[in-house]
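Grab a pencil and open the viewer. Below are some exercises, each with a solution worked step by step.

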Amino acid sequence: MNALTRTASAYWASSIGKKLVVAITGIVLVLFLAGHMTGNLLLFAGREAFNDYAQFLHHSLHGAGIWIARLGLLAALFLHIAATIALTRQNRAARQPYEYNNTIQASKSSRIMIWTGLTILFFVIYHLMHYTIHAGNSYETYVDPAYLAETGESRHDAWKMVIDGFRVWYVSIFYIISMTVLCSHLGHGVASIFQTLGFNSKKSRPFIERFSWGYTAVIWLGFVSIPVAILIFRYGY
Ligand code: HEM
């Protein structure tokens, strides 16, 4: 074992090491959500703007950009889950009977975090099948007509694909519920990141709470506005 592997495994064995892994990967995922939500809002700028954006994502760095982002996200998600599971096991093993009352509150909120986290995982798998792998719909049916007429080349009509997806009422309802669960996880998670990083004095706590729930509210409104606009206000073509 070289020095680097020894340091990494000692770090992983400690509870604070795992907490830091959860916090740092949490920051990556929280920033991804803000970026993804902002990009998705381009849907309201119209077909051309949204499809330009999707095309940019797929072709940046000659197509390598999206794979770098995918691998980074996957690594962050895997480490986030692995460290959470290891931390929960460690806490359970270390708990003494006399500590029971003190830990009821903490374990209740971490149980909620585990359930909301598992729901998000299920949602992400569904979402990838829906819009990335296109399970159940053909990629060929979504060709941007204006771009084809203008350039003679075909490109994916991500705008129409999203609109068609959310016109199905139970799909929209499922997204709205999933994003509400996601935001419950996010509100607690963002506050916990600050705590792990040591910014949790009595003075800063109210600010941290307000910031965490404010950020979460913006993410929720941004994401949920899309199925709501399409399903209820019939936004689209
Ligand atoms: C209204 C809400 C959402 C919409 C309209 C939406 C839309 C999309 C679309 C169109 C894609 C495919 C991009 C492409 O390949 O061109 C995508 C990919 C993705 N979305 Fe979402 N999304 C939403 C919410 C979310 C949420 C809440 C999460 C995370 C919890 C998420 C995580 C992802 C991930 C991980 C990918 C895969 C990126 C890739 O590898 O290509 N999305 N989304």
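**Exercise 1.** Work out what geometry the site of the iron atom of the ligand has, and which protein donors it uses.

*Solution.* Step one: look at the angles among the 6 donor atoms, which run from 88 to 179°, so the site is octahedral. For six donors, that label asks for opposite donors over 155 degrees apart and all others between 65 and 115. Ideal octahedral angles are 90 or 180 degrees.

Step two: pick out the protein donors, H36 (NE2) and H127 (NE2), at 1.9 to 2.0 Å from the iron. A donor is an N, O or S atom within 2.8 Å of the metal (3.2 Å for Na, K and Ca), and water is not among the atoms, so sites may look incomplete.

H36 sits in helix α2 (residues 15-40) and H127 in helix α5 (residues 100-132), so the pair ties together parts 91 residues apart in sequence. Helices here are DSSP runs of H or I with at least four residues, strands are E runs of at least two, and both are numbered from the N terminus.

Before moving on, a note on the model: it is predicted, so local features need pLDDT of at least 70 and side-chain atom pairs pLDDT 80 or more, while totals for chains, interfaces and linings use all residues. Residues are numbered from 1 along each chain as its sequence is written, and side-chain values use heavy atoms, without hydrogens or water.

**Exercise 2.** Decide whether H36 and H127 are buried, partly exposed or exposed.

*Solution.* Start with the cut-offs: buried is under 20% relative accessible area, exposed is over 50%, and partly exposed is in between (1.4 Å probe, protein chains only). H36 has 26%, so H36 is partly exposed. H127 has 19%, so H127 is buried.

**Exercise 3.** Describe how α8 and α9 pack.

*Solution.* First, read off the numbers: α8 (residues 169-196) and α9 (residues 205-231) meet at about 170°, with axes 8 Å apart. That makes the two roughly antiparallel, a label for angles over 145 degrees. Next, sort the contact residues: 19 are nonpolar, 7 polar and 1 charged.

How values were computed. Four donors count as tetrahedral if all angles lie between 85 and 135 degrees; four count as square planar and six as octahedral if opposite donors are over 155 degrees apart and all others between 65 and 115; anything else is irregular. Axes are lines fitted to C-alpha atoms, for helices over the stretch in contact, and angles run from 0 to 180 degrees between N-to-C directions. Angles under 35 degrees count as roughly parallel, over 145 as roughly antiparallel, 65 to 115 as roughly perpendicular and the rest as oblique. Ala, Val, Leu, Ile, Met, Phe, Trp, Tyr, Cys and Pro count as nonpolar, Asp, Glu, Lys and Arg as charged, and the others, Gly among them, as polar.
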